[in-house]
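I open this notebook page to record what I looked up, beginning with the strands and then turning to the core.

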Amino acid sequence: MDDLTPIRDVADRFGLPLSTLHYWERRGLVTPHRRSGRRYFDTEQVYRVALIQLWRETGHMSVDEIGTLLRRDDPAADWRGTVHARVAALQADIDRLAAARTYLGHLLACAHGHDLERCPDFRATVPLDTP
């Protein structure tokens, strides 16, 4: 059997609360070994924890999405669709943030100073006509 790492060491290594690893176990994302009622992770599971954390932090993936990716060998798991949907959601976030940055840059440069609601550039973006 592989070297086993106590759950506390895994949690500390990745800066995770123990409750997160317990939750991931309940959701079937990780499978620790048990000895005398304590949880231990083998090397493969430690890498899995690192991958899950990467997907959570950089991909902003939900536990359900991660579960789909981890079951990519299951024909019923549409992991590619999950990844495409996540990429589309990230692009939408990027677009919203770019628009916010553009607006805030305009706000700093606007010649109307404290009377920003009268700014013609701002007013041009607000549709007042009701259908």
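I looked up P6 first, in what is a predicted model, and found that its bridge partner in strand 3 is Y40. P6 falls within strand 1, residues 5–6, and I noted that two bridges join strand 1 to strand 3, the two running antiparallel.

I then turned to the pairing of strand 2 with strand 3, which is also antiparallel and extends over three bridges. Here the partner of R35 is R38, in strand 3. Strand 2 (33–35) and strand 3 (38–41) have a loop between them, and S36 has its place there; the two strands form a hairpin with two residues between them.

Is S36 buried or exposed? I found that S36 is exposed, because its relative accessible area is 78% and the cut-off for exposed is over 50%. I also wrote down that the phi of S36 is near 50°, a positive value in a residue other than glycine.

Where else did I note a positive phi in a residue other than glycine? H60 has a phi near 50°, and H60 lies in the loop between helix 3 and helix 4.

Last, I looked up the largest nonpolar core, which has 19 residues, and recorded that L21, W24, F41 and V49 touch the most other members. The elements that give two or more residues to this core are helix 1 (7–14), helix 2 (18–26), helix 3 (43–58) and helix 4 (63–70). For V49 I listed the contacts, leaving aside residues up to four places away in sequence: V49 touches V10, F14, L16, L21, W24, V30 and F41.

Conventions. Residues are numbered from 1 along each chain as its sequence is written. This is a predicted model: local features need pLDDT of at least 70, side-chain atom pairs count only at pLDDT 80 or more; totals for chains, interfaces and linings use all residues. Side-chain values use heavy atoms; hydrogens and water are left out. A nonpolar core is a set of buried Ala, Val, Leu, Ile, Met, Phe, Trp, Tyr and Cys residues joined through side-chain atoms within 4.5 Å. Buried means under 20% relative accessible area, exposed over 50%, partly exposed in between (1.4 Å probe, protein chains only). Helices (H or I, at least four residues) and strands (E, at least two) are DSSP runs, numbered from the N terminus. Contact means heavy atoms within 4.5 Å. Two strands pair if DSSP finds at least two bridges between them.
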